[in-house]
Structures are given as structure tokens and as C-alpha cells.
Amino acid sequence: MRQAGVLDVGCHSALLTVVRRRPGAVLEPVFSRKVRLRLHKTLDRKGRLDKVGMKSVERAVAEAVAADPHLRGPEVFAFATSVIRDAPNRDEVIARVARTTGTRLRVLTGEEEARLAYMAARQWAGPTAGQLLVLDIGGGTVEIASGTGGQPRIVHSLPLGARRITRDWLPGGTAPSRRRRAEVLQHLCESLEAVPGLPQAGPGVRVLACSKTFEQLARLAAAQSRTPRTRRRLTLPQLRTAVSLLADAAPSHRASLPGISRHRAEQSLAGALIAQSLMEACGAKSIEICPWSTREGLLLEHLGVAPTPAASAEHNGPDLPNAFPSSAEALSLTSARLIGRPTA
């Protein structure tokens, strides 16, 4: 029985998850451990992690790996997301973590993250889903992928993530005026218009959103409309209402809103503005929330799971996440697809 594990070190947490593939099931969770992080609070103006941030990454990695004594280093693929990948002192952070914990973090390119998110969404939706347009909002970047097969035909990674837009355009997570919000939307619109061949949500295209940002916005919209069943779908009018609601609330009060977590409250307004701009630029009037993303794509690829006729439309939607919860994380790629080198 094949088993795979991943340690995903992001802005808000370090999450270790181990899964295995069993006959009759896509993936079966074996073990999971999350250690909370707040790396966005430890970045300087240039995006460098300070000493406190580096120390917190070391602690989180050591604590997560030590949580399961049955694991061996080669069984776990450890990778860092854009908060470390894009840091000017990335190599120093990776070297320190490797030296103190014995675990070497790897980073994926944004385009590779987009490809893997598409793979995960394709498996979740099933091969009969037809053409997919997959949107993923991260902290540093936005990933867009589109295609009709198991691999995407188009992938884009853009420096328009929620943490980045908050830092550059909405300090403290607030928009002091409607004019400022309009300026942010204009910047996002122009940035997306400049992308060659940006995929469009035309007839027959299923639009899936794969990030926590979209998931929380859908929950907020569902609470406002008092229709819990819509938590897996988000329309453009609902999103515009959510933007106004978040803009009117101080970051310290947003965590009291349905669906908005405390550690993402500050960047939630930027996330909503990015989501609105993405949907408008791609011509999507509504999106479907997909609980799988880059991490799941890594696991699926590592374990050799690919969309097959058996994974038909009767097995997509909410059923698959029950077999493989969205908290399950991802694993491995060949070294040619990685930035940085694995532990010797």
C-alpha cells in the first residue's frame, strides 16, 4: 500500500499530512498535524523574513515532523509557499531550517502550482466535467489554469496575491475611501488585461475556485443570503456585496463575520477585491468552490492517481472531499520541477 506525506509551510501554518492509496478509494488520510504561523507579521518592507520569522519556521517544522515518530525523512516532501519562495533571504531561511531540523524545504514555481491546482480540480470534478477554468488566490500570487484534459493547456502565475496587495495598496488591511478601492480594482484590472491569452469562462466552461480566500468569501456570502447550500458557489453580485461589507469593517472586527478567520482578516478585503477582478476579467458570473488545490495535486501526482472513467460525475462534488478531506496536503515532484535541491 503506497503512502505519501507532505509538510506544507505557508504564511499561516505548517501542515504535515500523510495519506495512503487504497483499492476502492482515491486517498485515505493517515495522519495530520498543524502548527500555526504568522509569517506575514515578520516580513520587512522588502519581504524578507526577520529573525523571529526564521525562528518560528524552524520551530514549526521541527514540531510538525516530530509529531509522527513513524515517519522517515525521505517519505515526506517538505515545501514552502510564496511567503518564503519570494523572500529575498529565501536561501538563508531554507539553509537554517535544514541545519536545525534536518528537513530541507523546497519551493515550486507559480506556474507549477497552477498546473497542480488544475490537476487536483480535474480529479475532484471528474473527467466528464469538460473544460475547466481554475482560479487560485494565494498570499503572494494568483494562479490561473485552463484545459480540457488531465493537464492544463494554459497556466499563469501573477504577483497579485492577497498578502502582496494588502502590503502594497491597503496598509493595515483597510481602504480609507471608495476612491482607494477603485484604484486597487483599476490596478488589478490593468494587470489582468495585460495577460496574453487569459482564459475566459465561456459556454460549457466549468469555473472552479481552489483557495481559502474564495472558500471564506463563499461562506460569508451564504451567511448574508441565509442560504447555507450556496457555500459551494459564489456569484459576482454576492462578491461585490462582500467587498463592501469587508471594506466597512475594521480588520479587528472582520473575524466576527461569518466565514472570515482571524488570521486572514487583515488581508480579506484584498482577497475579495482580487476575486472580483479575476471573475470580471475572466467573464465568470459565478464560481464553484473546489476544496482541492496545489497540495492535493502533488499528492495525486506522487501516488499516480489520474482522472479515469471510473471517477465519473457520480463521484464528484462533495463526495470526494469526504474520502480525502480538503485539509489533506500534497507531495512530491521530480527535481526538474523544483527550485532548490533536496536534502542530500
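Biologist: Which hand does the crossing of α5 and α10 have?

Modeller: The crossing of α5 and α10 is right-handed. Keep in mind as we talk that this is a predicted model.

Biologist: What makes α5 roughly perpendicular to α10?

Modeller: The axes of α5 (residues 162–169) and α10 (residues 268–282) cross at roughly 110°. Angles of 65 to 115 degrees count as roughly perpendicular, so α5 is roughly perpendicular to α10. Their axes also come within 8 Å.

Biologist: Which residues of α5 and α10 meet?

Modeller: From α5 come Ala162, Ile165 and Thr166, and they meet Ala270, Gly271 and Ile274 of α10. Contact here means heavy atoms within 4.5 Å.

Biologist: How do the residues of that contact divide into nonpolar, polar and charged?

Modeller: Four are nonpolar, two are polar and none is charged. Gly271 is part of the contact, and Gly counts as polar.

Biologist: Let's turn to the pocket. How many residues line the largest pocket, and which lie nearest its centre?

Modeller: Its lining has 43 residues, with Asp8, Thr81, Lys212, Arg264 and Arg295 nearest the centre. The space inside is about 890 Å³.

Biologist: What makes a residue part of the lining?

Modeller: A lining residue has an atom within 4 Å of a point of the pocket. Elements that give two or more such residues include β2 (13–20), β3 (28–36) and α11 (294–302). The largest share, five residues, comes from α7.

Biologist: How do the lining residues divide by kind?

Modeller: The lining of the largest pocket has nine nonpolar, 19 polar and 15 charged residues. Asp, Glu, Lys and Arg count as charged.

Note on methods
Residues numbered from 1 in each chain as written. Predicted model: local features only at pLDDT ≥ 70, side-chain atom pairs only at ≥ 80, totals over all residues. Heavy atoms only, no water. 1 Å grid on protein atoms, 1.4 Å probe; cavity = no way out; pocket = protein on both sides within 12 Å on 5 of 7 lines; lining within 4 Å. Points joined across faces, edges and corners; volume = space filled by probe spheres on them. Helix = DSSP H or I, 4+ residues; strand = E, 2+ residues; numbered from the N terminus. Axes fitted to C-alpha atoms, helices over the stretch in contact; angles between N-to-C directions. Parallel < 35°, antiparallel > 145°, perpendicular 65-115°, else oblique. Left-handed = near helix turned anticlockwise from the far one by under 90°.
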